[in-house]
Amino acid sequence: MEGEGLAGLGISWPTLLAQIVNFGILFVLLYLVAYKPILRMLDERSRKVKESIDQTERVREQAEQAEEESKRRIEAASREGQEIIARAVRTGEEVRQQAQQEAKREADSLIVRAREKIQGESDEAIGKLRREFADLTILAAEKVIERSLDKESHRQLIEKTLDESATLKKN
Amino acid sequence: MPKKRVLGCSFPVLIGFAAGFVGLLIVGVLTGPMGKNLLGLPAWLIPAKPHPELPAEVVFHLFSFPITNSIIATWVTIIFLVGVSFLVTRRLTLVPGRRQSLLEFILEALLNFCKSVAGEKNGRRFFPIVATIFLFVGFNAWLNLLPGYGSILLHTSEGEVHLLRGANTDINTPLAVALISFVFVEYFGLRTLGFRYLGKFINVGGLVSSLRLIMRGKMKAGFSGLMTGLINVFIGVLETLSEFIRIVSFTFRLFGNMTAGEILLLVAVFLIPWAAAVIFYGLELLVGFVQSLIFAGLTLIFMTIAVAAHGEHSEESAHH
């Protein structure tokens with residue numbers, strides 16, 4: 001090994017300066033072509049990942065909310081349906097009762113009317129029978145007593161008699 | 001039943017490789033200094049005696065500026081690193097391909113290293129310099145293991161010189177990186193703490209205040225403070241010295257390891273020229289990695305220490 005001290009180790013100012021400059025050049029170039037773009041890419045990617053995780057979380061929350069909402073709606077709908085059914089049943093019951101009452105009223109009025117009609121008819125029949133009977137009686141009496149009574153007074157007599165009789169009393 | 005495999009090879013293939021390796025080893029021993037007199041092997045098989053030199057040789061002059069072979073090797077490293085980075089980052093995609101993944105993996109590992117040591121914000125600030133030191137030192141060491149380094153001879157006016165020489169084995173390179181590391185440490189310290197950073201080195205506050213106490217006549221408090229003040233001044237001097245000693249230790253750690261590795265390889269190749277040196281090449285790969293990691297890691301740690309608010313911290317801990 002030739003040389004003494006620092007020179008023996010090979011320290012030389014020009015080379016030292018050159019290596020410092022070289023390192024500086026490498027630093028700048030690597031900063032431009034490697035660190036800056038790669039770090040930007042890494043940041044971008046981590047941002048994207050974070051974003052997508054957030055989005056997933058958001059979507060999950062939304063799905064949960066939607067499920068909750070639909071459950072609530074189904075519940076409400078079923079409650080409503082039950083209400084409607086109950087109302088319908090009530091209405092049906094009312095309608096039935098109304099119809100029953102109506103029918104009863106109708107039947108009652110029918111019965112009343114029939115009774116009236118029957119009464120009327122029987123009255124008429126009795127009247128008719130009375131008149132017939134009076135005529136017959138007059139005829140028979142004429143035959144018996146051979147004498148014709150004044151028809152009008154006769155009739156009054158019979159009427160009176162009939163009225164007095166218990167069986168054929170009017171009403 | 002699958003055949004039994006050893007080291008990923010079927011057994012006969014492995015035997016073949018082993019036999020080839022042993023054969024090369026035997027030829028190596030025979031052509032080395034131990035066996036060259038046993039058989040009369042032709043002279044072109046006998047390697048030349050290595051004579052490692054510490055100073056790098058000047059290959060040519062560029063405008064009277066001497067260009068040594070280590071500078072040329074540095075250029076190769078720069079071209080390699082910048083070229084690869086350029087090719088990869090020319091088209092960056094969000095979903096990376098293989099090459100982009102590799103570069104991203106290396107840089108992300110370094111970034112995470114910086115963040116884990118210096119914290120989120122400072123880690124990002126320190127990352128470019130730490131990564132550059134790591135890549136520069138590491139690839140200087142690894143490219144040195146390629147064939148061609150230390151083996152291509154040029155005939156110049158100053159005699160035969162090697163075209164390429166591992167840049168780390170020229171002491172100017174480690175010294176240059178150590179100086180840059182020093183400059184960045186001090187830069188970040190001053191940038192972050194301002195003049196308070198210098199207080200670490202010129203620590204006379206305690207001494208002055210205790211002297212003032214003595215002047216006022218408070219002898220007891222003054223003298224007890226005087227002792228601490230003197231110790232603080234001494235610590236300041238030590239801190240200052242250690243900043244400069246770092247440069248020396250940085251330089252010689254890397255230079256020594258790399259030069260020793262180079263000489264180890266030369267000797268191994270000289271003693272058993274064939275096959276055996278492969279083991280040492282593997283070793284040197286590891287050494288290159290470790291040395292670059294140490295250089296970058298220590299720089300990172302020194303920068304982290306430099307930006308830590310030293311005075312405030314001790315005051316705070318004193319209150320607790």
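Chain A contains three helices and zero strands, where helices (H or I, at least four residues) and strands (E, at least two) are DSSP runs numbered from the N terminus. Read from the N terminus, the order of elements in chain A is α-α-α. The structure is a predicted model, in which local features need pLDDT of at least 70 and side-chain atom pairs count only at pLDDT 80 or more, while totals for chains, interfaces and linings use all residues. Residues are numbered from 1 along each chain as its sequence is written, chains are lettered from A and ligands numbered from 1 in the order in which they are written, and side-chain values use heavy atoms, with hydrogens and water left out.

Of the 171 residues in chain A, 16% are buried; buried means under 20% relative accessible area, exposed over 50%, and partly exposed in between (1.4 Å probe, protein chains only). The accessible surface of chain A amounts to about 13,700 Å², and carbon and sulfur atoms account for 58% of this surface. Accessible areas come from the Shrake-Rupley method with a 1.4 Å probe; for residues, only the protein chains shown count as cover.

In chain B, helix 4 (residues 120–143) comprises 24 residues and spans 33 Å from its first C-alpha to its last, close to the expected 34 Å. The expected span of a helix is 1.5 Å times one less than its number of residues. A kink of about 50° occurs in helix 4 of chain B at B:Phe127, shortly before the proline B:Pro128; the bend at a residue is the angle between axes fitted to the seven residues ending there and the seven starting there. Because 19 of its 24 residues are buried, helix 4 of chain B is largely enclosed by the rest of the structure. Helix 7 (residues 219–271) of chain B has 53 residues and reaches 74 Å between its first and last C-alpha, close to the expected 78 Å. Helix 7 of chain B also bends, by about 25°, at B:Phe244.

The two chains meet through 48 residues from chain B and 33 residues from chain A, contact meaning heavy atoms within 4.5 Å. The area buried between chain B and chain A is about 3,600 Å², with 78% given by carbon and sulfur atoms. Buried area is the accessible area (1.4 Å probe) that two parts lose on being put together, summed over both. B:Leu94, B:Thr132 and B:Asn172 supply 17% of the area that chain B buries against chain A, more than any other three residues.

Over all chains, the count is 14 salt bridges, a salt bridge being a side-chain nitrogen of Lys or Arg within 4 Å of a carboxyl oxygen of Asp or Glu. Two salt bridges are counted between chain B and chain A. In one salt bridge, the closest N and O atoms of A:Asp43 and B:Arg124 are 2.6 Å apart. A:Asp43 lies in helix 2 (residues 13–145) of chain A and B:Arg124 in helix 4 of chain B, so this pair joins two chains. A:Asp43 is partly exposed, at 33% relative accessibility, and B:Arg124 is partly exposed at 30%.

A:Glu44, A:Arg47, A:Lys48 and A:Glu51 are linked in a network of salt bridges. A:Glu102 and A:Arg105 pair at 2.9 Å, N to O.
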